[in-house]
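Colleague: I should like to learn how to read the features of a protein model, one at a time. May we begin with a pair of helices?

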Amino acid sequence: MSQQFSETFIRDAEELLTALHLMAENTPAENSSADSSEIARALHSLKSGASFLGWEDLETEAHNLESLMADTGAGEIDWSEAAVKLSTLLDGHRPSPAAPADSPVKAVRFSALEKRVLAESRQRGERLYRLTCVVDSAELLPYPRAYLVSSRLETTTTLVKTVPPMNEPDANFFRPVFWLTTDSSEDEIYKAADVDLVSVAELTALDIAKALSMEELPVGSPVLENKGTQDSLIVDRGRYNSLRQIASELAWRLDHKPDFSVSSLITEMQRSLENLAYHPLEPLLEDIAEGVTRIAGRRGIEAALHWETASGGLDAPSLDVLSEILRQMARNSLRHGVESPEERVRAGKNPQATLFLRMERSGTSYRFRFEDDGRGIDKQKVIERALREGLFSSENPAPEHPEELTDAQLLNILCLPGFSSAETADTDGGRGLGLEMVRQLLVREFGSELELENKPGQGTAFQWSFPEKHLRQPYLVFVVDKRSWALPLESVYRRGVMEPEKMNAAGQAYTVENGLVPLVSPKGLLPPGTLKPYILEIRHRGRRAVLPVDDLLSEEPWGVDDLVPAEPATPWCRALKDRRDNIPILSPAVVYAALELFRYRLKLN
């Protein structure tokens, strides 16, 4: 499993544990049935993720809590004890900072000459990068494209190594990898990769000292990645070129028209940046496929996941939603749909079942189809179970014949909370929560509907859509003085309770990691001595400030379509705010202004 997959799961699990701690603080009477349903869904999601990661201790504990909730109700559970136990199990799976990387697909060795080049680059203060390109499959001869990228890199950087080597033109060059050093900006590297039919360029900064100390370098190893670098992104070449053009126009106008208002171009550049890059799909799909193989083996069946996608990636929030949906869909197929190898052979099928994901563009949306070639859904069995549970009535009578039940009606029954066609539940499902969770996720996040296509004896297929959100970004929404505000989540380094003893004597600064940083508000420096329940530590380009807040509301994924220019834009707000809720979005550059005002105050005092 990839490090990114496990890190995302750990982050989601921590949110569940926070909810469990809140349950522990409330009395049973204060915990509503809606709270209990949310906890049940969260436990189911936790169990699902742990199952795909192979963390059986955490999976089993989540399953036991599900069973206990079903038997006694949420109010009878000591959630404080449950949260502690789950936290302990989760901590046991956190990666050690010094842990070795996951087993690499391949590795490279630097020759003595290449190491000498690296050492000289290090002495010159150059940085080491790995550039991975993808040549479009429509190109019959990928080598010339890779050679052109290589030649461009040689003119602007120190090209240390290529895989495959450029002197092997018959090798597979659809995914060439380049190791290079440079003291120029990363923009120069992307320019070199700006070659027709080179559709993807992933750039990763590496630790040159570690690279020199290792005999063998795993391709994609997080051990080599420089601290502070973000997860890899897929950069769209057309959008990258558009951003470069905006930047060039901005520079020209500033040089030739000093009185020119830059606000419109800055807003356009901001929107272009938010459209620029996507998180790659491939690592997620490989992780899901690995989980499918593991769970199938545990159940004594054979299954494999295959996929065909029309996009290299999605924005981070959409990718998180897709991860949850695919885990639930795969578990649903393995638990209810896939037959034993013997049963499949008797039915004239391959002993190994196929789970298949297809993603294609449809207008301004992405259309997904997830299908298996299993036994399909037994309508008669579903009707009998629904009758036992009283789901039909005089207004909604049960069909006389199973074939009268449409796929839409069948899906409505399957998505009822707690309904399952399985007689018993186990660690792989049977609680009747998976499909309901998927339907709720789609409606809540995208306003999209889940569709079912059932073919008894041949398998099932589910379809849904994601609107193309163009790199939605997460924002933290909070309250100050009875008004909601937002900040880009990536700028919030830490959240915590405000401690009055950490405020300086003048009441204008706050102690953070043995240093004083200015206290700010959404409208300027905080009035001296102001106390609030919570703080946000904001970090931006190496500078820091502390923002006291009254309440923390939510994390919201917003894309460019959710935002509009703010009129007028205040010095403390970015030029965008949420259209629906009219929430001003603070710029993290507030830290710069806060520091300048803070220093000015110090001079006056």
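Colleague: At roughly what angle do the axes of α3 and helix α4 cross, and within what distance do they come?

Modeller: Please bear in mind that this is a predicted model. In general, two packed helices are described by the angle between their axes and the distance between the axes. Here, the axes of α3 and helix α4 (residues 79-91) cross at roughly 165° and come within 9 Å. Angles over 145 degrees count as roughly antiparallel, and α3 and α4 are therefore roughly antiparallel to each other. Their crossing is left-handed.

Colleague: Which residues of α3 meet which residues of α4?

Modeller: On the α3 side they are Asp 57, Leu 58, Glu 61, Ala 62, Leu 65 and Met 69. Their partners in α4 are Trp 79, Ala 82, Lys 85, Leu 86, Leu 89 and Leu 90.

Colleague: How many residues has helix α3, and what span does it reach?

Modeller: Helix α3 covers residues 56-72, which is 17 residues. From its first C-alpha to its last it reaches 24 Å, close to the 24 Å expected at 1.5 Å a residue. The buried residues in α3 are Leu 58, Glu 59, Glu 61, Ala 62, His 63, Leu 65, Glu 66 and Met 69. After α3 comes Gly 73, with a positive phi near 95°.

Colleague: Why does the span of helix α11 agree with its number of residues?

Modeller: The 17 residues of helix α11 (residues 282-298) should span 24 Å at 1.5 Å a residue, and the end C-alpha atoms are 25 Å apart, which agrees. Among the buried residues of α11 are Leu 284, Asp 287, Gly 291 and Ile 295. Just after α11, Gly 300 has a positive phi of about 75°.

Colleague: What is Phe 466 in contact with, leaving aside its neighbours within four places in sequence?

Modeller: Its contacts include Ser 318, Val 321 and Ile 325, and also Leu 442 and Phe 446.

Colleague: At roughly what angle do the axes of α12 and helix α16 cross?

Modeller: The axes of α12 and helix α16 (residues 434-446) cross at roughly 160° and come within 9 Å. These two helices are therefore roughly antiparallel to each other, and the crossing is left-handed. Ser 318, Val 321 and Ile 325 are among the α12 residues that make the contact, with Leu 442 and Phe 446 among those of α16.

Colleague: Does Thr 157 count as buried or exposed?

Modeller: A residue is buried if its relative accessible area is under 20%. Thr 157 has 10% relative accessibility and so counts as buried. Thr 157 lies in the loop between α6 (142-156) and β3 (158-163). Leaving aside neighbours within four places in sequence, Thr 157 is in contact with Leu 180, Thr 181, Thr 182 and Ile 189.

Colleague: Finally, how many helices and strands are there in the chain?

Modeller: The chain has 17 helices and 27 strands. Of its 605 residues, 48% are buried. Among contacts with a separation of 6 or more, 71% are between residues 24 or more positions apart.

Technical notes
Residues numbered from 1 in each chain as written. Predicted model: local features only at pLDDT ≥ 70, side-chain atom pairs only at ≥ 80, totals over all residues. Heavy atoms only, no water. Contact = heavy atoms within 4.5 Å. Helix = DSSP H or I, 4+ residues; strand = E, 2+ residues; numbered from the N terminus. Expected span 1.5 Å × (residues − 1). Buried < 20%, exposed > 50% of the residue type's maximum accessible area, 1.4 Å probe, protein only. Axes fitted to C-alpha atoms, helices over the stretch in contact; angles between N-to-C directions. Parallel < 35°, antiparallel > 145°, perpendicular 65-115°, else oblique. Left-handed = near helix turned anticlockwise from the far one by under 90°.
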